[in-house]
Amino acid sequence: MYRYVARRLLATIPVLGVVALVVFGILHFSPGDPAALIAGDHASVEQIAAMRAKLGLDRPVWEQFAAWSWCVLHGDLGLSIFSNQPVSHLIAQRLEPTIALTLSTTLFTVLVAVPIGVIAAWRAGTWIDRTVMGFAVLGFSFPVFVVGYLLIYVVAMTLGWLPIQGYRKLDDGLGPFLTHLVLPSLALGISFMALIARITRTSVLEVLNQDYVRTARSKGLAMWQVLLYHALPNAAVPIVTIIGVGIAVLIGGVVVTESVFAIPGLGRLVVDSILSRDYPVIQGVLLVFAGVYVAINLGIDLLYVVLDPRIRY
Amino acid sequence: MFTKVRSLTALLLVAAAMVAVTAGDARAQGQKKIIKSVPIGALKIVDPIWTTAYITRNHAYMVWDTLFALDAKNEPQPQMVDTWNVSANKLTYTFTLRPGLMWHDNTPVRAADCVASIRRWGAKDGMGRALMGFTDKIEAIDDKSFRLVLKQPVGFVIDALAKIDSNVPFMMPERLAKTDPNTQITEVIGSGPFRFIKEEFVPGVKVVYEKFAGYVPRKEPASQAAGGKVVKIDRVESVYMPDAAVAIAALGAGEVDVIESPANDLVKILEKNPNVVVRPNDPLGYVLFMLVNHLHPPFDKKEARQALLWGIKQAEFLEVVIGDSKRYTECPAIYGCGTQNESRAGAEAFAGFNPEKAKALLKAAGYNGQPIVQLDPTDNAVLHPAALVATQTLRRMGVAVDVHAMDFSTMTQRRASKNPPAQGGWNVFLTNATMTGIANPLLNTFSLNCEQAWYGWPCDKRIVDLSRQWALELDPAKRKQIIGELQKVHLENVTYIPLGQYRSVIAYRKNLQGMIASPPLFYWNVEKN
């Protein structure tokens, strides 16, 4: 097991290397000039060239990649071209909102979607099942920003129950922290919830037809006990897989949610950096994202062992 | 059981403590007068000499001060300067600083700081470089006085030091001002009315300023960037919101106090809110214009460029970009309407919109229907809709238009290409600028010709000569005459095509009083009730 984990961790190195190379290549061969953006419209061609030279953007691309890779290998993600601040500092500043949003969305989604998926399986073919599945189709159909605007209009503007926008750190108090997360988590979580509910229903439905479930019921166990102790654990592997994949997708989805709700997270950082061609920041954030994806996948693989003792690495 | 109860009690105590701490913070914040604003853009760069970005200029006005500043009549007034004089031969300018000027690290402002600041600004800014070109030396006399000695008399020394458009000559401590102009400064220490709170700065998201207790304002009332910068609030929290509609909802609900530049298409929603004031902030506003590439057919021919003057209707652009006719005005003047250098000489084509004449001129220029490349920055809320109008306008004149959609960043690179349009170059693009940034031949980068020409690369030696004459001329009447000649030559050669002027608005809660009308939004003089 430990050898497996060590092997997987070692395997992340070439993955991150490939990600770094591809991201660097795409960025540096795509058009756009940060020096021109910084210098502004009143700058002369010579001034922009001087700025480009000062930023090291006039060097050959392979040389820039080598210099950046060397720094990354030494734990240095470089400096933002625009703010002149360490990329690691910028990422650290934006990490908390994104983690908070992703975790609150995941928690809220799992707590709602798994039970309704189980209930839909249990009541398969009834109006309850059809309602849950109808909700799932709707959830998939609404883009995040539409749900976001609707929630802002109804819950924040019309009813005045929650703030319209912004993010409060946990240091500012638990109340403001949570109230600022409710609407973004709902907006971001609706489609994720639909996905998990559908997968849970399918998995549990399959398990409910197994002999051991029939045996459990014939022993006289209550239905909730059968569902909770026999059906759900045996249906857990695909559910956990989809939750893991979903978290990775959520990290991509926070870009829109963070923009709509003015949350200063990593999603906005990467989009702003792409628009301004702040290469070191884009590269740094995408490396972090890649690392997170790898870690999530590893976590899911390890969780399989816990959920299904037949699985061995 | 006892352990569980104990844990629960501990948890409740922690929660209660957190609530108490939060409430305490809220009370402390509640006693302070805080303005929460949504700025014009995301502040990432803090050095106003390193970049010309307006968001950085606006930030800089909070933190740094200037030697001179433009008042509401756009006339230069002393700001950090107490007294100044010019020698009889008009070559030596001597400046003495006001007493009591302090940097935010509580050290006094010295003449040497100003000398270093002017040198750094003079290495970057267009008007600054022009001034430095005529400067023999600039030196400190003592801690409070310095002199600027010219090689020959020029008429724009004080205008340059008072300019309100980027790059503004902000005064910085000598140690910062000695930074290479192509390297961003690493400290934000000024002598302005607000202190920059470094610990709370999140680049691209949030910037916080607090009142600088050591600032000594001038005695005169505030007037645009000039006069007494009396701070009547404790703190400004400027948080950028990428979604314009959400920003407007937040202002309506009182979550923020000011939106410095609300989206044009959403202004009408704000105007219906009785708790919100919507009004133009910048007295002069912006100018929109079309650049054509003078290097490649068809616009390498003067007649083809002149055709555009006859075939374009400014109102069509302004109606699409702004919509509200009270906020825009048609204007053919290269140096803007409403400025000291307004001239309408040679602008007959603008008054006589005539697409047929435009077609005839294009034909005379040898245009035979080959596609022209127009750049369209689709992520820009002003330039993209204007580009759509330009496409239709050109097609109306019989021009085949190949629209290249891209983001603004890509356009900044593409427009610099002198290649033929089919090989990565271009024929046409639109841009905008503040009126204060184009109001005279030295400020107006876009009107420069030949070696100094901006993208489009126009070259008419008469413009170069007349611009130099204007810079050297000391007599206002003769300057005005030169401006008239420049205007005529610019339109004859079609350096670029003015598409009209418009004013942006600000929106703020009614409980704010004393907002100053100006291109940048200032937070001195503002009261929050």
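**The sheet and its surroundings**

Reply: Let's begin with the other chain for contrast: in this predicted model, chain A comes to 13 helices and 0 strands. Read from the N terminus on, the elements of chain A run α-α-α-α-α-α-α-α-α-α-α-α-α. Its C-alpha atoms fill a box of roughly 85 × 55 × 35 Å along the principal axes, and buried residues make up 40% of the 313 residues in chain A. Take the contacts in chain A with a separation of 6 or more: 73% of them join residues 24 or more positions apart.

Now to your sheet in chain B. It is an open sheet of 7 strands, in the order β10-β11-β12-β1-β13-β21-β14, and the pairing is mixed. Which strands stand at the edges? They are β10 (194–196) and β14 (276–280) of chain B, and each has a single partner strand, so one side of each is left without a neighbour in the sheet.

Let's zoom in on strand β1 (residues 34–38) of chain B. With β12(B), strand β1 pairs in the parallel sense over 4 bridges. You can follow this residue by residue: I34(B) stands opposite R235(B) in β12(B), and I35(B) stands opposite V236(B) in β12(B). Strand β1(B) also runs parallel to strand β13 (residues 258–259) of chain B, joined to it by 2 bridges. There, S37(B) has V258(B) as its bridge partner. Here is a handy rule for looking at strands: in a regular strand the side chains alternate between the two faces of the sheet.

Next, follow the chain between two strands of the sheet. The loop between β11 (206–211) and β12 (235–239) of chain B holds G227(B). Is G227(B) buried or exposed? G227(B) has 21 other C-beta atoms within 10 Å, and 20 or more is the cut-off, so G227(B) counts as buried. Leaving aside neighbours within four places in sequence, G227(B) is in contact with D71(B), R218(B), E220(B), P221(B) and A222(B). Look at D71(B) in that list: G227(B) and D71(B) are 156 residues apart in sequence, but their C-alpha atoms are 7.5 Å apart in space.

Strand β5 (residues 81–86) and strand β6 (residues 92–97) of chain B pair in the antiparallel sense over 5 bridges. W84(B) has F95(B) in β6(B) as its bridge partner. The hairpin of β5(B) and β6(B) has 5 residues between the strands, and K90(B) in this hairpin takes a positive phi near 60°.

Chain B has helices too, so let's visit a couple. R119(B) lies in helix α3 (residues 111–124) of chain B, and with 16 C-beta neighbours inside 10 Å it counts as partly exposed. R119(B) is 58 residues from A177(B) in sequence and 8.1 Å from A177(B) in space, C-alpha to C-alpha.

Then there's helix α15 (residues 461–472) of chain B. Its 12 residues, at 1.5 Å a residue, should span 16 Å, and its end C-alpha atoms are 17 Å apart, which agrees. The buried residues of α15(B) are I463(B), L466(B), S467(B), W470(B) and A471(B). They cover an arc of only 140° around the axis, which puts them on the same side of α15(B). What do the buried residues of α15(B) pack against? They pack against α4 (126–133) and α16 (476–493) of chain B.

Finally, let's bring the two chains together. The contact takes 44 residues from chain B and 42 residues from chain A. On the chain B side, α1 (2–31), α7 (244–252), α14 (408–414) and β19 (428–434) each supply at least two residues. By class, that side of chain B has 19 nonpolar, 18 polar and 7 charged residues.

The largest nonpolar core has 235 residues, and I196(A), L288(B), F289(B) and M290(B) touch the most other members. Helix α8 (residues 174–208) of chain A gives the most to this core, with 16 residues. Pick out L288(B): leaving aside neighbours within four places in sequence, its contacts include F317(B), V321(B), A386(B) and L430(B).

Conventions:
Residues numbered from 1 in each chain as written. Chains lettered and ligands numbered in written order. Predicted model: local features only at pLDDT ≥ 70, side-chain atom pairs only at ≥ 80, totals over all residues. Expected span 1.5 Å × (residues − 1). Buried ≥ 20, exposed ≤ 12 C-beta atoms within 10 Å, placed from the backbone. Arc of directions from axis to C-beta. Contact = placed C-beta atoms within 7 Å. Core = buried A, V, L, I, M, F, W, Y, C linked by C-beta atoms within 7 Å. Nonpolar A, V, L, I, M, F, W, Y, C, P; charged D, E, K, R; others polar. Pairing = 2+ DSSP bridges.
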